[in-house]
Amino acid sequence: MSSADKNLSVFNTAGLPDISNKKFAIVVAEWNSEITEKLFEGAYQTLVTYGASESNIERGNVPGSFELTLGAHWFAQRADIDAVIALGVVIQGETKHNDYINHAVAQGITNISIQNNKPVIFGVLTPNNMEQAIDRAGGAFGNKGDEAAMTAIKMVGLKDQVFVRK
Ligand SMILES: Nc1c(NC[C@H](O)[C@H](O)[C@H](O)CO)[nH]c(=O)[nH]c1=O
Ligand SMILES: CC(=O)[C@@H](O)COP(=O)(O)O
């Protein structure tokens, strides 16, 4: 992934960890579901492609992206969950409401990842319009869900590297 590539589905896959026994939760916002479902599909398929067992991927739905933080926190509190992926799409409206949601969720997800000492991935699109959302949910710029899943894979690998006794 890089700004030059500007493709959310292009990433370095060298040295990925064995995730066959890792358990992932994916929390999906129902707002803009025509896009969030594409993000979920991308995240799910990326996890499976790189070694996760389908039985080790659990999904939860929340009404909107603002609720992603609490929904992700509930999963992150579970000892059997190794990483949480939060997926949402917050589209710019006429007011500043999207700004408040985006900032709250970005900070909230950061906080719960640290609080629960495990990866909680910010897989939230914050486009100005639906076209930009479509481009980043399997369109011209890849799929944010792919990126979020790959980020989760790499972070669980880093956690094992740091904490699992050799
Ligand atoms: N406008 C969008 C929302 N709004 C709903 C909020 O996320 C939240 O559910 C509500 O404020 C009640 O707490 N949510 C999105 O995910 N995307 C939007 O574009
Ligand atoms: C980001 C949203 O919540 C959005 O639906 C709000 O739209 P608006 O700012 O036009 O009320």
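Author: UniProt positions are given in the numbering used here, and its annotations may be inferred rather than shown by experiment. The model discussed here is predicted. In the unreviewed UniProt entry, the annotation "active site" covers His 97.

Reader: Where is the place of His 97, and why is His 97 called exposed?

Author: His 97 is placed in helix 3. A residue counts as exposed when its relative accessible area is over 50%. His 97 has a relative accessible area of 53%, and therefore His 97 is exposed.

Reader: Which residues does UniProt list for "binding site"?

Author: The unreviewed UniProt entry lists Trp 31, Ser 65, Phe 66, Glu 67, Val 89, Val 90, Ile 91 and Phe 122 under that name. Of these residues, Trp 31, Ser 65, Phe 66, Glu 67, Val 89, Val 90 and Ile 91 are included in the lining of the largest pocket.

Reader: Why does Trp 31 count as exposed?

Author: The cut-off for exposed is over 50%. The relative accessibility of Trp 31 is 60%, so Trp 31 counts as exposed. Trp 31 lies in the loop between strand 1 (24–29) and helix 1 (33–49). Leaving aside neighbours within four places in sequence, Trp 31 is in contact with Thr 36, Pro 63 and Gly 64.

Reader: What makes Val 89 buried?

Author: Buried means under 20% relative accessible area. Val 89 has 2%, and therefore Val 89 is buried. Val 89 belongs to strand 3 (residues 83–89). Not counting residues up to four places away in sequence, Val 89 touches several residues, among them Asn 32, Ile 35, Leu 39 and Ser 65.

Reader: Is Asn 32 buried or exposed, and what is its phi?

Author: The relative accessibility of Asn 32 is 16%, and because this is under 20%, Asn 32 counts as buried. Asn 32 is in the loop between strand 1 and helix 1. Although Asn 32 is not a glycine, its phi is positive, about 55 degrees. Most residues other than glycine have a negative phi.

Reader: Where is Asn 117 found, and why is Asn 117 called partly exposed?

Author: Asn 117 is in the loop between helix 3 and strand 4 (120–125). Asn 117 has a relative accessible area of 45%, so Asn 117 is partly exposed. Phi of Asn 117 is also positive, near 55 degrees.

Reader: Why is helix 2 called roughly parallel to helix 3?

Author: The axes of helix 2 (residues 68–76) and helix 3 (residues 97–115) come within 9 Å and cross at roughly 15 degrees. Angles under 35 degrees count as roughly parallel, and therefore helix 2 is roughly parallel to helix 3. The crossing of helix 2 past helix 3 is right-handed. Residues of helix 2, including Leu 68 and Ala 72, meet residues of helix 3, including Ala 104 and Gly 108.

Reader: How do you know that Phe 75 is buried?

Author: Phe 75 has a relative accessible area of 12%, and because the cut-off for buried is under 20%, Phe 75 is buried. Phe 75 is placed in helix 2. In sequence, Phe 75 and Phe 24 are 51 residues apart, and from C-alpha to C-alpha they are 9.1 Å apart in space.

Reader: At what angle do helix 1 and helix 5 pack?

Author: Helix 1 and helix 5 (residues 144–163) pack at about 40 degrees, and their axes are 7 Å apart. Their crossing is right-handed.

Conventions
Residues are numbered from 1 along each chain as its sequence is written. Chains are lettered from A and ligands numbered from 1 in the order in which they are written. This is a predicted model: local features need pLDDT of at least 70, side-chain atom pairs count only at pLDDT 80 or more; totals for chains, interfaces and linings use all residues. Side-chain values use heavy atoms; hydrogens and water are left out. On a 1 Å grid over the protein atoms alone, a cavity is a set of points where a 1.4 Å probe fits but cannot get out, and a pocket is an open set with protein on both sides within 12 Å along at least five of seven lines; lining residues have an atom within 4 Å of a point. Helices (H or I, at least four residues) and strands (E, at least two) are DSSP runs, numbered from the N terminus. Buried means under 20% relative accessible area, exposed over 50%, partly exposed in between (1.4 Å probe, protein chains only). Contact means heavy atoms within 4.5 Å. Axes are lines fitted to C-alpha atoms, for helices over the stretch in contact, and angles run from 0 to 180 degrees between N-to-C directions. Angles under 35 degrees count as roughly parallel, over 145 as roughly antiparallel, 65 to 115 as roughly perpendicular and the rest as oblique. A crossing is left-handed if the near helix is turned anticlockwise from the far one by less than a right angle, and right-handed if clockwise.
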